[in-house]
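Hi everyone, thanks for coming along. I'd like to walk you through a few spots in one structure, so please have a look at the picture first.

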Amino acid sequence: MKAILVNDDRSLRWDNVPDPVLGPEDVLVKIEAAALNRADLMQREGDYPPPPGCPDWMGLEIAGTIVELGAEVAAKSSWKLGDKVCALLGGGGYAQYANIKYDMLMPVPEGCSMVEAAAMPEAFATAYLNLFMEGGLKEGDTLLMNAGASGLASVVIPMAKAFGARVITTIIDEEKRAEVAKTGADIIVNTVTEDIVEVLKGQLEEGHPVDVAIDCLGGEVMGQCIHYLKHGARWIMIAALAGQQTQIDLKNIYVRNVRIIGSTLRSRTPAVKAQILASLVRDVWPKVVTGEVRPTIYKVLPITEAEAAHDILYRGENVGKVVLTVE
């Protein structure tokens, strides 16, 4: 089969690789679409290696059709040949086929295209993990979701809104305000022209403080913002794109009982990932079917144009997901 490989100069090529070896608890999926994530860029640059046992090539989420079942799958699951599925992978999605453990699969929700389905597993699992399992978000809470134009925010914000939360988000490009507004965010703060620290301070004074923050930026402003949260709030760090260093008033943390939580999906055990996916199908898939939560697709390209697709993420031009199709 073929997959996207990284050359020595970090360019990409569509080239031959060994066929997957099917384990007894695996299914073989013919991949029809694979979505991009920033982790793919980090892996391409050598900063985010795949977990042991995963293929060398990139790709964390795919959609496709089951074409072969491992010897034990029928006894342990209801999956069958021809089922349309989407899946969360440790790596290896930029390819024609993938062998995937049966409990890493989810059915494609009714009414979803394969492109939409490919854009859901990683982002939806990350959103669910951090909103509900780490953040304990509940109806009536206020969420701060930084980087509102990101692919993850395009999922987190509608998901939080569908479960009754109020959402504050940030942008740095005023031209993206209208697109970000489509996610349902209640307050959109342009941090180039507005001070997010003052906004959060004002929300606290007005009685609408942040209960949960999901932060992929970090940097100096993180330590300034964390002073103006609700008592018992949770600030969840999932990346530090704006800088890995900040200053925090520790007294504020313990007096206000604020928790700072580091969280990545990729580092979770297979059992925890399976639990997250089962929770998605149970709790979120019905809202996908009704249209309350849906992935935002920015652009679709053939997998042979993976480098051009990566460039879209490098430039930060996308609002929503970029997806590769596989013939």
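**A walk through loops, helices and rings**

Let's begin with Ala-147, which sits in the loop between β8 (142-145) and α5. Ala-147 is not a glycine, yet its phi is positive, at about 60 degrees. Please keep in mind that this is a predicted model.

Now follow the chain into α5 and look at its partner. How do α4 and α5 pack? Helix α4, residues 121-134, and helix α5, residues 153-162, have their axes 9 Å apart and meet at an angle of about 50 degrees. The two helices are therefore oblique to each other. The crossing of α4 past α5 is right-handed. On the α4 side, the contact is made by Ala-123, Phe-124, Ala-127, Tyr-128, Leu-131 and Phe-132. On the α5 side, Val-155, Val-156, Met-159 and Ala-160 take part. And what kind of residues are these, nonpolar, polar or charged? In this contact of α4 with α5 there are 10 nonpolar residues, no polar ones and no charged ones.

Two of those α4 names come back when we turn to the aromatic rings. Searching the whole structure turns up 3 aromatic pairs. One of them joins Tyr-128 and Phe-132, a tilted pair with 5.1 Å from centre to centre and 55 degrees between the planes. Both of these residues lie in helix α4, 4 residues apart, which is about one turn of the helix. Tyr-128 and Phe-132 are both buried.

Phe-163 comes out at 25% relative accessibility and so counts as partly exposed. Put together, Tyr-128, Phe-132 and Phe-163 make one aromatic cluster.

Next, a charged residue. Arg-44 lies in helix α1, residues 38-44. Is Arg-44 buried or exposed? With a relative accessible area of 7%, Arg-44 is buried. If we leave aside neighbours within four places in sequence, Arg-44 is in contact with Val-6, Arg-10, Ser-11, Leu-12, Met-58, Glu-307, His-310 and Tyr-314.

Let me pick Arg-10 out of that list. Arg-10 is placed in the loop between β1 (2-6) and β2 (12-16). Like our opening residue, Arg-10 has a positive phi without being a glycine, here near 75 degrees. Its relative accessibility is 41%, so Arg-10 counts as partly exposed.

One last stop, this time at a glycine. Gly-207 is found in the loop between α7 (196-205) and β11 (210-215). At 52% relative accessibility, Gly-207 counts as exposed.

Terms used:
Residues numbered from 1 in each chain as written. Predicted model: local features only at pLDDT ≥ 70, side-chain atom pairs only at ≥ 80, totals over all residues. Heavy atoms only, no water. Axes fitted to C-alpha atoms, helices over the stretch in contact; angles between N-to-C directions. Parallel < 35°, antiparallel > 145°, perpendicular 65-115°, else oblique. Left-handed = near helix turned anticlockwise from the far one by under 90°. Contact = heavy atoms within 4.5 Å. Nonpolar A, V, L, I, M, F, W, Y, C, P; charged D, E, K, R; others polar. Phe/Tyr/Trp six-rings, centres within 6.5 Å; stacked < 30°, edge-to-face > 60°. Buried < 20%, exposed > 50% of the residue type's maximum accessible area, 1.4 Å probe, protein only.
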